[in-house]
Amino acid sequence: MDPDLTKPWALPEEFLKRTFALINSDKDRNSASLVCKDWYNAERFSRRHVSIRNCYSVSPEIVAARFPGIRSVTLKGKPRFSDFNLVPEDWGADVQSWLSVFAAAYPFLEELRLKRMAVSDESLEYLAMNFHGFKALSLLSCDGFSTIGLEAINGIDDLGGDWLSYVPENLTSLEVLNFAALDSEVSFDALESLVSRCKSLRVLKVNRKISLDQLRRLIELAPKLTELGTGSFAEDLVSSSVTELESAFSKCRDLHTLSGFWDVTLLYLPVIFPVCGNLTFLNLSYATLGAIELECILTRCKSLRRLWVLDTVGDEGLEMVGSCCPLLEELRVFPADPFNQELGVTESGFLSVSNGCPNLHYVLYFCQRMTNAAVATVAQNCPNFTHFRLCIMSPGEPDYLTNEPMDEAFGAIVKTCPNLRRLSVSGRLTDLAFEYIGNHAKNLETFSVAFAGTSDLGMEYVMRGCPKLRRVEIRDCPFGDNALLSGLAQYESMRSLWMSACNVTTDGCKKLADEMPRLNVEVIKDDGGEDGSADKVYIYRTVAGPRTDAPPFVVTL
């Protein structure tokens, strides 16, 4: 008898191969690969997708050697605070080094999803030339390229509207087309031709230059759309055109996601009523709607699970959310103008949503004011929160009724919501709030804090009390070297720590680097000064060692 078959975990190779092919979770695959060498190899050779959450945590050579059969890659680069302009543009995360390795290791690569990476036009051209079976490219919050790359993302350089004309005439397999972030006009003839020949198109998101009549023509050509981002919704139309547009929407029976609605007016909202009943996700984060406009939509959206709105809807609009959307699971309320104290939503709207939406488990809520009592009630109404991100826009703002710190609000969240995985805190907070978090948020994975805390003890409570932490983001807090070093037991299992505008010194960072040689401890100097302060610190675990492309203002300790 084969001695390996006497092992309790020994299974036939073909069985392992088929079993691992059914496992989609990277986390589950990683765990299974640790069982034994046979399982490691089965997982290694059967994996078709790999997700790399930090492009410097591993090298492309290591990835290629470990997984020879990859067809799809997700790759993330800069820290999340780059979205708030806190990371210098030329910090790094260039995709080209990855493409060069992948061209040799994965010439059969089909899908590449990039987030916060630096991508040049030359890299896009290299991609087109070296991956002949390529099918899907996603670029989110990337920079460095233009419309010459024939892709549209937030923040790219817009070089004109003719780029669609360069799409080959024989391209008929396009499934996703999104140029919502472009500011300029596009060639509508080229766009219409592309949509008409791509019968598998399921996601179409256009920019505000597309008129309502043009939108009608597009959706008549693509009735199988599942996601649609509209253009401007403020064009003057005759009644017959409105009727035609409503008829076109009525034929989109598979549509479950709607977004766009730039410059929307109440007059044209009825054209989307035929699809409202099937919508599960409604993104109105670019539409300055009031409560009345929101009400006329939501009364028809009984199946809605996800809703994004601007705070122009006010507390009255959020009351309608609570009344009309009993199945809602995710709510995001963004500020239309963070500097206008007269606009916005308050604790009243938050309470209304929590009263009517017991399934709510994800919230991002920008508001002008809040109270401890309101947040405690929200927690009682919705105890299944996994993501709770409350952003009181005035730094250090207390409970506006009692003038007390907001400690009890976040204490109520972590005490009442045991499944909490992501938490963003704001307002006036003392060390007590952080003590609550350390004592109760045992499943917390991502923690973000700004303009809060009173001493190093606050950060120490969190770092020592939350065993599942993976990512911590801190800015403008009074935390220093003792707080930084309090995470020594955690950093090996964490993905990253970001600290900016705190009281951390270069000496403290050096001590951490000495204690934890498998971490990259990067100090980003804003002004190149030598005063011993660490303006920005980015710490992450890596198996690739210090990176070789760090610019002069980044010092790796």
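Modeller: Contact means heavy atoms within 4.5 Å. Keep that cut-off in mind. This is a predicted model.

Colleague: How many residues of helix α13 are buried?

Modeller: Start with the idea of a turn. An α-helix has 3.6 residues a turn, so residues three or four places apart point the same way. Now the case here. Helix α13 spans residues 347-356 and is mostly covered, with seven of its 10 residues buried.

Colleague: Which residues are buried in α13?

Modeller: They are E347, G349, F350, S352, V353, S354 and G356. Look at the start of α13 too. There, the backbone nitrogen of S348 has a side-chain oxygen of T346 within 3.2 Å.

Colleague: Now a single residue. Where is S141 placed?

Modeller: Find the loop between β4 (136-140) and β5 (176-178); S141 is there.

Colleague: What is S141 in contact with, leaving aside its neighbours within four places in sequence?

Modeller: Three residues: D83, R116 and M117. As for F350, its C-alpha atom is 29 Å from that of S141. Along the chain, 209 residues separate S141 and F350.

Colleague: Let us zoom out. Which domains does the assignment give?

Modeller: The protein chain has domain 1 (48-160) and domain 2 (373-556). Their centres, taken over C-alpha atoms, are 28 Å apart. Domain 1 puts 17 residues into the contact, and domain 2 puts in 24.

Colleague: What area is buried between domain 1 and domain 2?

Modeller: First, the general idea. The size of an interface is often given as the accessible area lost when the parts come together. Between domain 1 and domain 2, about 1,700 Å² is buried. Carbon and sulfur atoms give 59% of that area.

Colleague: How many salt bridges are counted between domain 1 and domain 2?

Modeller: The count is one. Find the side chains of E473 and R80: they meet in a salt bridge at 2.7 Å, N to O. Nine residue pairs are in polar contact between domain 1 and domain 2. On the side of domain 1 that touches domain 2, the residues are 10 nonpolar, four polar and three charged.

Methods: Residues are numbered from 1 along each chain as its sequence is written. This is a predicted model: local features need pLDDT of at least 70, side-chain atom pairs count only at pLDDT 80 or more; totals for chains, interfaces and linings use all residues. Side-chain values use heavy atoms; hydrogens and water are left out. Domain bounds come from an automatic or database domain assignment. Buried area is the accessible area (1.4 Å probe) that two parts lose on being put together, summed over both. A salt bridge is a side-chain nitrogen of Lys or Arg within 4 Å of a carboxyl oxygen of Asp or Glu. A polar contact is a pair of N or O atoms within 3.5 Å; within protein, one must be able to donate a hydrogen and the other to accept it, and residues adjacent in sequence count only if both atoms are side-chain atoms. Ala, Val, Leu, Ile, Met, Phe, Trp, Tyr, Cys and Pro count as nonpolar, Asp, Glu, Lys and Arg as charged, and the others, Gly among them, as polar. Helices (H or I, at least four residues) and strands (E, at least two) are DSSP runs, numbered from the N terminus. Buried means under 20% relative accessible area, exposed over 50%, partly exposed in between (1.4 Å probe, protein chains only).
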